[in-house]
Amino acid sequence: MAAQEVRTPVRRGRLAARLAGIREITDEDSASAAFLLAATVAALIWANLGDSYEAFWHLPLTVQIGDYGIGMDLQHWVNDALMTLFFFVVGLEVKRELTIGELTDRTRAAVPVVAAVAGLAVPVVLFLLLNPSGEAAGAWGVVISTDTAFVMGALALVGPRCPARLRIFLLTLAVADDIGALGVIALFYTDDLRVGPLVFGAIGLLGIALLRRLAVWRGVVYFLVAAATWVAFYESGVHPTLSGVLIALILPVYPPRRSEVERAGELARAFRQSPNSDYARAAQLGVLRAVSVNERLLRLYGPYTSFLVVPVFALANAGVVLSAEAVGAAVRSSLAWGILLGLVVGKFVGITGAVALFTRMRPGALPPGLTLSQIAGGGALAGIGFTISLFIVDLAIPSPTLANDARVAVLAAAVVSTVVGWVLFRIDDRRRGPVPVTSRFLPRPVEVGRDHIRGPVDAPLTLVEYGDFECPFCSRATGSIRDVHAHFGDAVRYVFRHLPRDEAHPNARFAAEASEAAAEQDLFWEMHDQLFAHADRLGEDDIYGYAAELGVDLERFEETLRTGATRLRVVDDAVDAEVGEITQTPTFYLGVSGEDLLRHTGPFDAATLIRRLEDARRRGESGVGAG
């Protein structure tokens, strides 16, 4: 017995490591979409080979403790119990995005949030046009949600040439979409609400919050309280998977504090110097406190939900009988056509139309590199509802015949949406031509007030650099920039944008974020010069030392870095670089201010840059464009 207790955690650790390994060596979205697709195909094949599919998933299973027991068939154990982990991870992601992610910036989030709201509402309206009453009308929730994993996988396969901005847009939209879908499930798909068990569920949630406040770290305690909370929700009539969402929203998320990270390092050093159980426990708790529980649980459970839970859900729910009779029934079903219309047309019209209207009212709302034609393709892909759609089919449609019609429509909508998205992306790529314009010209025009500009903002010439503070070539280029300024004086403005190359320069991203934190105190260029002057010494302690030398308010500096306000700015510059197909640093763009700036190729010594800028000035004076 003791041997079993030792081996079990080892096996679980190996499984977690293997799943995490898949995530490390592949694109996670594409890999999880591949697992999901494989499970879906397996379910379809299995369901059409005979009666064993239905027989297996409807096997009854009862879990009994004393006189109390819960009995369901295997499919409902998957949908009601196993999927709680999926909704828990969704809740963690929503909490993270609302607290320190994309949704913290109202300006950045405005367009995708508006698109998500329209993408929820328009499909429902179209569905209800075909199903205004009767048993089918209650299934309107099937058309509200978008399957993030499938959409990201489809985007990787059929997306546009430069999908970086569209990917960020769709991910932000997906978070807002998830919030709406969870709200719909909680409010509209709860039957026979029983207040007594719901009160016990609320007590369980308070227990989770109390455990966090008391700094209880043992996972088994949380598991027992969470399991009791799930049972209470199950008995209350509220769908029990929502307990996972609410528990996730209770758990705190915060960026690491430097003092806590340093304390964890001190405790680890103490354990290394004098290994004992007390120091081991202190070091473990120090590390756990330094990283928010939200981040740790996302890292732990993300692979399980992506590569196990959701594929098993698909295997249990996507097994649609595709006989001539079943397909014929679906073709004649207003429910199936309502779902197809809602997902394929409703998502496309809602998302694309909302963005078109919003950008007409607020020109410039879309980031550079993201076009309405790309959003149209993304809006088409958003018609892949799948996971939540199949989930709501199980909640909303008691009739097996109608449920089969609905599942056929959900699968058909996924295929049609992917094909429509592919067509729209290919039309857009063809319209843009074989050579992306962004590969020759500056991806995003210089913006006074946003870009870091050295020199007069209205200077007639502009030189833009995409650079990396740890790159030795960028460090040498700073001398060339000084010589360029000395030659042109106030006739040139120099703009610096970030492109940290993480794979080659592990300290570059933190250095870039530190320069932005200094910019919050109007010390960007001073920090810029310090970082390049010490490009070979850019550890965290080194950078804090340079900040102190510059007279930066260190408490404010650390808080700016900790809250991640600077991270989004660095990510923005890096995404611009991806749109412009910039792969190395330094990369320069130059030309006459107010015109398209051309990418500079070749040497970047001062004499070459001066000559190119002089050529640009002569072309500008003669009225000849950059070509």
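This is a predicted model: local features need pLDDT of at least 70, side-chain atom pairs count only at pLDDT 80 or more; totals for chains, interfaces and linings use all residues.
**Figure 1. The aromatic pair of Phe313 and Phe391.** The structure holds 24 aromatic pairs. In the pair shown here, the ring centres of Phe313 and Phe391 are 6.3 Å apart, and an angle of 45 degrees between the planes makes the arrangement tilted. Phe313 belongs to helix α13 and Phe391 to helix α17 (residues 386-396), so the pair ties together parts of the chain that are 78 residues apart in sequence.

**Figure 2. An aromatic cluster.** Six residues are shown: Phe469, Tyr494, Phe496, Phe524, Trp525 and Phe532. Together they form one aromatic cluster.

**Figure 3. The cysteines Cys471 and Cys474.** A disulfide is a covalent bond between the sulfur atoms of two cysteines. The structure holds 0 disulfides. For Cys471, the closest cysteine sulfur is that of Cys474, and the separation of 3.4 Å is too far for a bond, since the cut-off for a disulfide is 2.5 Å. Cys474 is accordingly in no disulfide, the sulfur of Cys471 being the nearest to its own. Cys471 is buried, with a relative accessible area of 2%, and Cys474 is buried with a value of 0%.

**Figure 4. The second largest pocket and its lining.** This pocket contains about 1300 Å³ of space. Its lining comprises 34 residues, and those nearest the centre are Phe88, Gly219, Phe223, Leu297 and Tyr301. Two or more lining residues come from each of the helices α4 (74-100), α8 (195-213), α9 (219-236), α10 (241-250), α12 (277-290) and α13 (293-317). Helix α13 provides the largest share, with 9 residues. Sorted by class, the lining has 24 nonpolar residues, 5 polar residues and 5 charged residues.

**Figure 5. Thr84 and its contacts.** Thr84 is part of helix α4. A relative accessibility of 13% places Thr84 among the buried residues, the limit for that class being under 20%. With neighbours within four places in sequence set aside, the contacts of Thr84 are Trp230, Pro240, Thr241, Ser243 and Gly244.

**Figure 6. Gly379 in helix α16.** Helix α16 spans residues 372-381 and includes Gly379. Gly379 is buried, with a relative accessible area of 0%. When residues up to four places away in sequence are not counted, Gly379 touches Lys347, Phe348 and Ile351. The C-alpha atom of Gly379 is separated by 36 Å from that of His600, a residue 221 positions apart from it along the chain.

**Figure 7. Ala412 in helix α18.** Ala412 is placed in helix α18, which covers residues 400-432. With a relative accessible area of 31%, Ala412 is partly exposed. Between the C-alpha atoms of Ala412 and Val344 the separation is 9.4 Å, although these residues are 68 residues apart along the chain.

**Figure 8. The loop between α24 and β6.** Most residues other than glycine have a negative phi, and most peptide bonds are trans. The peptide bond that joins Thr585 and Pro586 is cis, with omega about -5 degrees. Glu581 has a positive phi, near 60 degrees, and is a residue other than glycine. Its relative accessible area of 34% makes Glu581 partly exposed.

**Figure 9. Asp522 and its positive phi.** Asp522 is situated in the loop between α20 (508-519) and α21 (524-533). Although Asp522 is not a glycine, its phi is positive, at about 60 degrees. Asp522 is exposed, with a relative accessible area of 68%, the limit for that class being over 50%.

Key. Residues are numbered from 1 along each chain as its sequence is written. Side-chain values use heavy atoms; hydrogens and water are left out. Buried means under 20% relative accessible area, exposed over 50%, partly exposed in between (1.4 Å probe, protein chains only). On a 1 Å grid over the protein atoms alone, a cavity is a set of points where a 1.4 Å probe fits but cannot get out, and a pocket is an open set with protein on both sides within 12 Å along at least five of seven lines; lining residues have an atom within 4 Å of a point. Grid points are joined across faces, edges and corners, and a volume is the space filled by probe spheres set on the points. Helices (H or I, at least four residues) and strands (E, at least two) are DSSP runs, numbered from the N terminus. Ala, Val, Leu, Ile, Met, Phe, Trp, Tyr, Cys and Pro count as nonpolar, Asp, Glu, Lys and Arg as charged, and the others, Gly among them, as polar. Contact means heavy atoms within 4.5 Å. Rings of Phe, Tyr and Trp (its six-membered ring) pair if their centres lie within 6.5 Å; planes under 30 degrees apart count as stacked, over 60 as edge-to-face and the rest as tilted.
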